[in-house]
Structure formats: structure tokens, C-alpha cells
Amino acid sequence: MASATQSAAAELVCFNEACRARYAITEVVYNCPKCGGLIETAYGNAPAKPDTLKKIFRERRMSNAPIDQSGVWRYRELLPFLEDYSHVVTLREGNTPLLDGPIAAKYGGLDRITFKHQGFNPTGSFKDNGMTCGTAQAVRLGMRRVACVSTGNTSASMAAYAAAAGLEALIFLPHGNISFGKLAQALEYGAKTLQVEANFDQILALVRVLAERLGIYLLNSMNPFRIEGQKSIMFEMLDQRDWRVPDWVVLPGGNLGNTSAFGKALREALNAGLIDRLPRIAVIQAEGSAPFYDFWSRGGTGTFPAVCNPETLATAIRIGDPVSWPKALHEVRTSKGVVEKVTEQEIADAKAQIGLCGIGCEPASAATLAGIRKLTASGVIDRAADVVAVLTGNLLKDSDYIYKYHTGQLEAPGGVKIESRFGNKPIVVPNDAEKIAALLR
Ligand code: F0G
């Protein structure tokens, strides 16, 4: 299963065009020591011929080998940074379905929509696709401790993979601003969990200092191996569609790691001849945490307009200073994509519509459909377009939000009441068959 030749040409490269400094694949770098730019993995060897690759990927679906069953490592020729796969820890991440959502399509102004539902992952979010790779690299480097700051999903995922790999997990969370479902996961998977009185961006700065000082491996999305793993979300989506390219891929934007990963995956798939064109990428942000939208609206030039106090009930994307914006900007531009923002009410209503398809998702994921509704109304996305929206997290991640929405108790930051437009209140009834029958008649 090892493929020594594959990773021989893998290296880390500075993403900054003006620098492009190169580092060994086994060096611990998150930002370029020369210029401070983001780091990415690059591969010298071209993968095999496209038809050969497609055949290998398809055949692995019938295999019982754990790394073939993984929806990430199944595509390992397209993320060949390891020399030896024997230390890979897989929880059979990926393998997430493509689902039709006719009610959501109608609500979004489309004839049809396809959801790529990452909430079907082992810990309930897309983070698992990246975390299996980040953990594999941590093990390869002989690291004992891993750390992350998180709005909840990264920490849940890291805790699980660290536990499975026998690593010590250190988690830093913004106190009071993550859902209980996600916090509960970190605790159950045995991670040391520190709640800090600060927001995500502030804690990330803190954790970078601590990681350096204590020699802890950082598994936030500026870790290039996380990005490699998240590329597989696009590879799997294309494989499931027999490599038919959609017109649009729509996703929520927070720290912008996923946008970076999707763009890189699609460009690499094009270069490898697996697809013949790029889909357009649409990134959707929550109005109170929308620095990337603001930047994009100004043409993507000048200083990045970080938001000091980001706010949104979609806590997963409550990020004011996204680390990966330079990569994300490149990917949205290359794909001729767009960036949009949506209100709290729009997210809540779109989420209820996704629920009515029997699908459901967490609030951040519903920003996709809310954004699509705006983009079809403004004519950016055509009604007949072939659209894949990526639902990033599972419905059960944030059940408190759901209950409040359906019972008319949801309030946006600042106290503005969210209308329960598609609310579905539980009905309290007496223990009386007659009365219940009358009610249901
Ligand atoms: N959707 C969900 C459910 C998320 O958890 C996140 C990010 C995003 C979307 C945004 O993705 O950061 O790659 O742009 N959650 C991170 C966390 C920040 O800590 O779990 P992004």
C-alpha cells in the first residue's frame, strides 16, 4: 500500500506568488518564515492518467481495506504527501451522500439542487475529511500533542482523531459561543478543553504562541495537510457525479479553509484531466461576520477589512479575521465565482426549508441556501443551473437553535427577534384520547 515514489516530490511551498519559498514536506511550518505567507503542499509528480485514476477510485469502493473505505484516502493519488500509509487513522470519514432537495430548490429559486452533506461524517462535519490527514502528518512527525482553536466542529473532529491515534488533544474554545453538542463531543472524546474569554480570532493568535512555545502541533485550517484532506470533498462529489462538473459549488465561509481546499482540488482535478472545466465557487457569509464579502465587494484590494467583534447565531462561522483569505480570494477569482452575505433571518428560514426536505443541517450550512436564494433573485445564478451546495454540519450539532426557531424564541445578536416563518411548534395535549382525536381530525 505504500507508494514511496509518490511523496518523493511532495513539498511545502509558500502561497505568496512573490515568494514561493520551498520547505521539506516534514517541516513544521504554518506560515512562511520568509514572508509570513500561507503554506500549501505541492507535488512534482503528475498523478496517473485520468481514466486509470477514475478506475482505481471506483474499484476501491469494493475494497474492505480501511484506507480504501475512507472517502479521503480513496483519493490518495491526489493528495500524495505520505510515503507510508500504515499510520493513517481513519474513522471512515467522507463517504457523504449527494441528496436532492426539491423543496429547498424551489425556495432557492432553482429547478434543482444537490446537497453534498458533510454532516454525515463520523463526528458530524466536514472537518473529519481534513483531520484524518492532519492527524496522519502529526503521527508521521512523531508529535505527541495536537491543538486547535475552534468554533466547535474542528475541536470535535480533532478530539476524535487524536483519541483514535493515541495523541493528547488540547482544545481552545471561545467561552459561551459554541453549541453544546460540539462541546459535548470534545469532552466525550477525552480532549483537554480550555474555554477562553475571547473570540475565535483572538484565541487563534494565543494558540499560535503556545504551540510554538510548547512544541504542540497545530491542527487549525492553516495547517496545509487539513486542506489536502478537505480537497477530497470535491473529488468525492465529482466521482459520485461520474465526473460531471456542476455549474456552481456553493459553501459557507468562515475561516475560509474549505474555500481554499475546494478551489485547489478543482484546479488540480482540471490539471490532472479528471474534469474539463471549473465550476464557479460561491462563498456565503453571515452578515455580522462578513469581512470576506466586504473585501470582495471592494474588488479584493487594499487592506483586508477584519471585523473586530463578529456576530452571528451561526456560531460555526463567527469569524472576523479569516486566516485563509488570500487563498480563498485566489480560488474565487480563478473559478469566476462570487461572495455573498445573508442575514440571520435568511439563514434561519433557509435552514427550516432544508429541514423540510428531510435533510436538515446546522445553521452555518444553511447560509448556502439563503445565499442561493439571493443569487438567483439577482440573476447571478440561473434558475436552470446545476448547483451543488455543501452542507457542512449535522442538524444535531445545534439543537438549541432549532428548538428556539420553531417555538418563536430565537433572537439575533443585539436582541432582534427572528420570525418563526416556517415554525413547527410542539403541541401540548392532555392525556385524553377524545381530545387528541378531535385535534387531529
Ligand atoms: N460550516 C461549519 C459547520 C463549520 O464548522 C465551519 C468552520 C464552516 C462552515 C466554515 O468553514 O472555516 O473553512 O470557512 N468551523 C471552524 C471550526 C472554524 O472551528 O470548527 P471555513
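Contact, as used in these legends, means heavy atoms within 4.5 Å. The structure is a predicted model in which local features need pLDDT of at least 70 and side-chain atom pairs count only at pLDDT 80 or more, while totals for chains, interfaces and linings use all residues. Residues are numbered from 1 along each chain as its sequence is written, and side-chain values use heavy atoms, with hydrogens and water left out.

**View 1. The whole chain and its overall dimensions.** Of the contacts between residues at least 6 apart in sequence, 69% join residues at least 24 apart. The chain holds 16 helices and 13 strands, where helices (H or I, at least four residues) and strands (E, at least two) are DSSP runs numbered from the N terminus. The radius of gyration is 21 Å, close to the 22 Å from the globule rule for 441 residues, so the chain is as compact as a globular protein of that length; the radius is taken over C-alpha atoms, and the rule is 2.2 Å times the number of residues to the power 0.38. Along its principal axes, the C-alpha trace spans about 75 × 50 × 45 Å.

View 2. A nonpolar core is a set of buried Ala, Val, Leu, Ile, Met, Phe, Trp, Tyr and Cys residues joined through side-chain atoms within 4.5 Å. The largest has 96 residues, and Trp73, Met234 and Phe292 have the most contacts inside it. Helix α9 (residues 224-240) supplies the largest share of this core, seven residues. A second, separate core of 42 residues includes Ile317, Ile347, Ala352 and Leu410. Leaving aside neighbours within four places in sequence, Phe292 is in contact with residues including Leu256, Phe304, Trp325 and Val339.

**View 3. Serine 125 in its loop.** Serine 125 is placed in the loop between β5 (114-117) and α5 (127-140), and it counts as buried because its relative accessibility is 0%. When residues up to four places away in sequence are not counted, serine 125 touches Gln118, Gly119, Asn153, Thr392, Gly393 and Lys397.

**View 4. Glycine 408 and lysine 425.** Glycine 408 lies in the loop between α15 (399-406) and α16 (433-440). Glycine 408 and lysine 425 are 17 residues apart in sequence, with a C-alpha to C-alpha distance of 8.3 Å. Not counting residues up to four places away in sequence, glycine 408 touches Lys417 and Ser420.

Methods
Buried means under 20% relative accessible area, exposed over 50%, partly exposed in between (1.4 Å probe, protein chains only).
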